[in-house]
Amino acid sequence: MSEWCICSVFALQKVSIIIVIFACVVCKYIIYLSEVQLNETLAHLKTESETLKSKLEEERAKLHDVELHQVAEKVEGLGQFVMKTRRTLKGHGNKVLCMDWCKDKRRIVSSSQDGKVIVWDAFTTNKEHAVTMPCTWVMACAYAPSGCAVACGGLDNKCSVYPLSLDKNENLAAKKKSVAMHTNYLSACSFTNSDMQILTSSGDGTCALWDVESGQLLQSFHGHAADVLCLDLAPSETGNTFVSGGCDKKANVWDMRSGQCIQSFETHESDINSVRYYPSGDAFASGSDDATCRLYDLRADREVAIYSKESIIFGVSSVDFSLSGRLLFGGYNDYTINVWDVLKGTRVSILFGHENRVSTLRVSPDGTAFCTGSWDHTLRIWA
Amino acid sequence: MTINTLAKGGWHREQMTCFQKMEKVIVAMQDPDMGMKMRNQRLLITVIPHAMTGHDIITWLIQKYSICEEEALHLGGMLLKYGYIYPLKEPRSIVLHPDETPYRFQTPYFWTSTRWPASELDYAIYLAKKNIRKQGELMEYEKERYSVLHKRINHTWDFVVMQAREQLRASKQRRKADRIVLECQEQAYWLINRPPPGVGNVLDMGLERPNNFSLRVTLIETCRRALGRNRVKSSICLEGFVKYSEQYQNHDPIMQGCLPSNPWISDDTAHWTMNAEMVPTPTRLRVECWSFSFMELLKDVMGRKEFMTYLEKEFSGENLCFWQACEDIRHGESSKIAEKVEEVYKNFLAPGAARWVNIDSKTMDKTLEGIKRPHRFVMDDAQMHIYFLMKKDSYPRYLKSDLYKNMLAKAIIPQETKKSVFPFMRRQRHSSPSPAQAAAQATEEDGRGKGAGPAGTNSDV
């Protein structure tokens with residue numbers, strides 16, 4: 001039986017008819033198996049995957065000779081942290097779901113449940129552009145690197161690009177370009193190094209890379225067993241990888257050229273809502289519904305830190321690093337923001353202010369501030 | 001209470017974990033040894049046992065989790081919001097007060113997680129009871145909901161009224177204190193599960209994430225591949241984080257502050273102006289950053305320009321030009337790939353090309369073969385070869401060169417802005433031209449060709 005048939009076999013575990021006839025979706029072979037054979041094969045495959053998994057854990061553990069907080073003992077501790085809300089952006093009529101910074105370090109784009117996408121100059125708090133999407137729950141939005149367009153999508157299963165026009169009378173929706181098409185909701189999107197390509201993740205369990213100009217699918221990434229909720233592009237020299245997190249509790253690292261999953265991490269106990277690379281690109285952090293943030297090192301190929309506290313009960317919706325990577329900011333479902341010392345693993349500060357879930361959090365491109373969006377309809381800039 | 005006939009399958013996984021964790025806290029709070037001290041609370045003329053004050057709750061949380069008062073207040077507030085604790089005196093004010101205000105634990109029977117989602121039938125019975133018990137005891141919004149329910153489940157209304165009467169009769173047979181307690185508990189439950197209008201519904205979950213494909217497609221494959229990887233020892237990797245954070249600490253505005261001031265705090269955009277893409281004299285931190293890694297140098301437009309100047313002095317400027325052209329192919333429009341590849345071949349790879357780059361023969365052969373059928377990544381190998389050539393050779397020499405050293409010496413260290421004498425006077429926040437505007441102007445100018453007049457307006461947006 002070809003390797004690809006594994007997928008179908010697992011999917012049909014509960015079948016109990018005598019003769020099983022099914023078509024493997026991937027390799028399109030029609031396979032006939034008796035029930036006895038089916039159970040035997042399943043059992044065999046299950047043991048094989050369990051054995052491989054424990055072998056992998058063994059290998060990973062062999063090179064783990066020290067913990068992060070031990071290495072960080074010699075580092076100076078962080079003093080008192082004072083961060084306050086410096087701007088409050090009001091204007092959305094419903095839950096704010098996503099936001100992204102412009103490369104000019106002061107503009108942002110935000111999207112909300114009521115279908116509105118707004119571009120703000122966060123410094124002056126002026127709204128510069130507004131678009132009403134034809135769907136509700138716009139869960140993803142991104143600013144183009146040139147600053148001349150924004151991409152967004154959600155329950156419409158698509159990702160659309162809107163060029164930003166300065167003509168006040170022009171209807172932005174007129175020039176809209178539909179780029180990505182998924183078979184379920186769009187959970188996240190990001191431009192790559194230019195305005196010409198967009199990376200998307202979706203509730204249909206896949207990620208995809210698209211050419212903006214033609215709307216063509218350049219590469220698709222399969223491997224998650226449930227909704228993919230987040231993604232982040234690697235800041236590496238060769239710039240060819242990205243990480244995604246999903247409802248299957250896995251964080252996968254992908255090669256953009258080949259579409260292959262090159263690394264996978266599964267230590268969270270619940271859905272992974274957010275992933276973000278460490279500034280050097282050698283690691284990434286994840287935030288999950290299990291109320292923890294975790295740090296995974298790509299060269300050591302393992303989880304190296306867990307950021308959690310007994311008093312933190314609610315899930316993390318979004319994470320981001322400060323510019324030096326020393327601090328990790330987490331937006332939580334209990335309306336707070338927790339600031340973690342990445343090296344020592346301790347919680348440095350807790351910030352209050354939002355009156356409902358914090359749904360999105362991003363540090364500005366020059367690290368001078370971070371922005372949070374919340375279900376309380378507002379966005380806040382903290383510095 | 002009627003039996004909750006709704007299937008338990010529709011529960012949100014995330015909310016369940018939160019409920020379980022909150023319930024652990026609640027159970028710990030009621031632990032006979034380590035839990036809170038309870039006392040009797042007088043409510044009008046009745047004495048309610050097992051009550052506690054807001055102050056008690058907060059003190060216990062502070063001690064148990066080693067947190068500050070603000071956080072304890074917040075955590076306790078969450079327990080209240082989700083209905084695990086309810087206020088005795090003002091049931092509608094679901095706020096935790098850090099004083100002598102009395103609270104009580106909700107009985108597990110009425111925990112949100114036990115009977116969720118709250119059933120319509122149960123709500124109808126509850127409202128019917130209130131209605132029967134004392135005419136006019138229903139609040140306006142409850143009256144509205146009552147009539148809506150009456151219309152919607154009219155077919156079972158007899159059952160509703162019968163149940164309501166039956167429950168009221170049963171409760172009359174209880175002791176007064178017990179009856180009041182039960183009424184309080186039930187009311188608290190419904191205030192959470194059917195909040196009055198204007199109060200946010202804390203049980204709002206957002207979108208469901210129903211998809212679970214149960215396909216272990218590449219599990220075995222990924223495991224096999226992962227077993228074959230080369231791993232690096234943890235001590236080496238983790239040391240890397242310490243070094244990186246140390247190196248960049250001064251550059252991290254949130255950690256060290258930024259000069260002259262953080263624009264978000266002081267409302268002064270000088271920091272951004274000084275660090276704009278192209279400035280006559282860059283700041284010292286910026287020039288220092290170029291020495292951290294080759295990527296930092298190339299990422300910065302100004303750094304790249306400086307590096308180009310240096311390379312041209314060394315007659316190897318074509319390397320950087322080639323690298324940039326390859327980046328353009330990789331990230332540019334799909335439709336222009338073929339023509340760009342042709343250009344690159346003509347200028348950099350063809351024998352006798354004007355700006356011929358020195359690539360090893362193996363890579364050159366592979367690239368030339370790939371050019372026959374050009375695609376986005378056809379130049380990748382050649383580009384990487386040149387990138388590492390520059391990184392290992394030209395870059396270190398650039399850092400030692402006079403060009404770089406002079407730049408570093410000239411670089412500005414901005415003065416820290418003195419705090420305003422009148423801190424209450426807010427600076428005017430100036431707007432800046434939108435990047436979209438700059439681009440529009442550029443294309444306008446291009447379109448009009450040379451010798452055009454001032455293009456576009458530069459109005460405040």
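A salt bridge is taken here as a side-chain nitrogen of Lys or Arg within 4 Å of a carboxyl oxygen of Asp or Glu. The model is a predicted one, in which local features need pLDDT of at least 70 and side-chain atom pairs count only at pLDDT 80 or more, while totals for chains, interfaces and linings use all residues. Residues are numbered from 1 along each chain as its sequence is written, chains are lettered from A in the order in which they are written, and side-chain values use heavy atoms, with hydrogens and water left out.

By this rule the count over all chains comes to 39 salt bridges. One of them joins the side chains of A:Glu48 and B:Arg224, at 2.4 Å from N to O. This pair crosses between chains, running from helix H2 (residues 35-62) of chain A, which holds A:Glu48, to helix H8 (residues 219-227) of chain B, which holds B:Arg224; helices (H or I, at least four residues) and strands (E, at least two) are DSSP runs, numbered from the N terminus. With buried meaning under 20% relative accessible area, exposed over 50% and partly exposed in between (1.4 Å probe, protein chains only), A:Glu48 counts as partly exposed at 23%, and B:Arg224 is partly exposed at 40%.

Within chain B, B:Arg429 forms a salt bridge with B:Asp267, the closest N and O atoms being 3.3 Å apart. Because B:Arg429 lies in the loop between helix H20 (402-410) and helix H21 (435-448) of chain B, and B:Asp267 in the loop between helix H11 (263-266) and helix H12 (270-274) of chain B, the pair ties together parts that are 162 residues apart in sequence. B:Asp267 is buried, its relative accessible area being 7%. Another salt bridge joins the side chains of B:Lys336 and B:Glu333, at 3.2 Å from N to O; here B:Lys336 is partly exposed at 32%, whereas B:Glu333 counts as buried at 19%.

We turn now to the interface. In total, 100 residues of chain B are in contact (heavy atoms within 4.5 Å) with 133 residues of chain A. The two chains, B and A, bury about 10,000 Å² between them, 60% of it on carbon and sulfur atoms, where buried area is the accessible area (1.4 Å probe) that two parts lose on being put together, summed over both. B:Phe241, B:Ile254 and B:Trp264 supply 9% of the area that chain B buries against chain A, more than any other three residues. Between chain B and chain A the count is 8 salt bridges, including the one in which the side chains of A:Asp211 and B:Arg376 meet at 3.7 Å, N to O. Helix H9 (residues 234-248) of chain B gives the most to the side of chain B that touches chain A, with 10 residues.

The last stop is in chain A. All 6 of the 6 residues of strand S24 (residues 316-321) of chain A are buried, so this strand is largely enclosed by the rest of the structure. S24(A) pairs with strand S25 (residues 327-332) of chain A in the antiparallel sense over 5 bridges, pairing being assigned if DSSP finds at least two bridges between two strands. Within this arrangement A:Val316 stands opposite A:Tyr332 in S25(A). The hairpin of S24(A) and S25(A) has 5 residues between the strands, and in it A:Gly325 takes a positive phi near 80 degrees.
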